[in-house]
Amino acid sequence: MGCKVEAGPLEECEAEYAEGTNVTVVAEPELGSEFVEWNGECDTVVGGECEVEMNADKTVEVVFDLEEFELTVETEGTGEGIVECQIEGGSYEPCPEAETYPYGTEVILYAESEEGSEFVEWGGDCSGVEIECELTVEEPLGVTATFMSEPPFALTIETGGTGAGEFECEVEGEAAEPCDPEAEYEEGTVVVVIAEPNPGSEFVAWSGECDTIVGNECEVEMNADKTVKATFNLKATPKFALKVKKTGSGTGKVESTSPVSPKISCGSECEKEFNEGTVVTLTQSAEAGSEFIEWTGACTGSGTCEVTMSAAKEVTAKFNLKATPKFKLTITKAGTGSGTVTCNGGACAAEYPEGEEVTLAATAASGSTFSGWSGGGCSGTAPCTVTIEEDTTVTATFTANSKEETKKEETKKEEPKPTPEGTAKAAASATVKSGKAELKLTCSGGPCKGTLQLKAKVKQGKKTKNLVIGKASFSLAEGATATVKVKLSGPAKQELAKGKTIKAKLTGTGITASTVKLKPAKKK
């Protein structure tokens, strides 16, 4: 530290100064130290300079600290070990990877190898092969300790790929023997590992720490623990096609249940390829109203079908519709009058299939009035729809008119006849789009107006029920053709979403009863 008096040269500070003298005290740290701050009666401080006006006794204090430098310690090599540090005669502790120490700190580094390894040498700011290295921290320092594995060395053999294989080892030219996974080798030992693929597999390549590779042989010089890897792949297996077809008047599904790939799940027909020798197990399930009859082709009978793929093969599953029970429909007439009864717009049959819907309409003869229905769940005078589920009897009652009513009726005959009402007829099939069945109706015999409903057997929960799946109103001019969209119920949409076709009974007023096939629209 020195002083400048009245801007004079830097010189040693005196003990006393005349009043009014300006003294600048300059802090000059010695080697290994650094200026920190001024304390006391400085009038002005600029960096390491403190200016004092001497108008009284003054005291100033300058603070110096030792500089700090970083010491980094690293390990390298094939072995394992740690470096411990003793700081200024303290105890030995594992050295941090990087730590700062004050200038002049004495550090002793000690290299301690782990079992199976040995210390080789120091590098960086330490050198030599002694396990201790002494340093004085006066600048940033870096030290590296090298540890190497001690023999004997282990040889690890790994496998990869889709196949499998075995290994034989030739040690120093001796006869090849199955490799011992627990074997250890002295430094410099030459081991040749021979890869032998298992049946159905083939050797592909060596990887890892082979020194020389010749075909399926990997030569390794044991100067450390080594790992080599042989890749085996399965040989290509011939594939054969299995074709599954369905025949018959019914519907059903064929699926594979065996744990092989690919899986089979067939609609009308499908074809999949399987590796030679694969055993494919097929099962069938008939849909509602159908029954499985038999397997033909690569399988026969009606049980489970198992096909061993030794060549291209074909299997056919036959499903037929179940026979539908029929019940009698008896139409009787009662009352003092007379008239006729029609079924679905025509003559009534003696029997109808189970589930069939028959719409009855009564027309009174001249001089009679239709009084109403009874039996079979029918009542009133409007047309009545009967679902055939058992032998059913329906009675139509006609009442003879009085003379006065007859006279009125004859008078009505002389009046102009009203425009006859026509009857709409639906096409045999309809496409379903966005949950709506598009029915094509054609009107004949006069203007057509009325309501219609679709009824079909669909799954609701776990049971199949005969449900109304849609209703709609319509109005057409005579001779006109139009498309009426019928919004379908949830159960019906679920069936159609599976790609199935629904047979629905079409009934209603102003329309001819018929059966309509509802088909899901084809996906683009």
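Reply: In this predicted model, ring pairs join Phe 167, Phe 203, Trp 206 and Phe 232 into a cluster. The structure as a whole holds 14 aromatic pairs. A pair of aromatic rings is described by two quantities, the distance of the centres and the angle of the planes.

Consider the pair formed by Phe 203 and Trp 206. The centres of these two rings are 6.0 Å apart, and the angle between their planes is 55°. An angle counts as edge-to-face when it is over 60 degrees and as stacked when it is under 30 degrees; the pair of Phe 203 and Trp 206 is therefore classed as tilted.

Phe 203 also pairs with Phe 232. Here the ring centres are again 6.0 Å apart, but the planes stand at 70°, so this pair is edge-to-face. Phe 203 belongs to strand E21, which covers residues 201-208, while Phe 232 belongs to strand E24, which covers residues 226-234. The two residues are 29 places apart in sequence, and the pair therefore ties together separate parts of the chain.

The accessibility of these residues can be considered next. Phe 232 has a relative accessible area of 0% and is buried. Trp 206, at 8% relative accessibility, also counts as buried, because the limit for that class is under 20%. Phe 203 has a value of 22% and so counts as partly exposed. Thus Phe 203, which is partly exposed, has ring pairs with Trp 206 and with Phe 232, both of which are buried.

A sheet in another part of the model may be described for context. Four strands form an open sheet in the order E11-E8-E15-E13, with mixed pairing. Strand E11 (98-102) and strand E13 (117-124) are at the edges; each has a single partner strand, so one side of each is without a neighbour in the sheet. From one strand to the next, the twist averages 25°. Within this sheet, strand E8 (residues 68-76) and strand E15 (residues 141-149) are paired in the parallel sense over six bridges. Glu 76 is placed opposite Thr 146 in E15.

Notes
Residues numbered from 1 in each chain as written. Predicted model: local features only at pLDDT ≥ 70, side-chain atom pairs only at ≥ 80, totals over all residues. Heavy atoms only, no water. Pairing = 2+ DSSP bridges. Axes fitted to C-alpha atoms, helices over the stretch in contact; angles between N-to-C directions. Phe/Tyr/Trp six-rings, centres within 6.5 Å; stacked < 30°, edge-to-face > 60°. Buried < 20%, exposed > 50% of the residue type's maximum accessible area, 1.4 Å probe, protein only.
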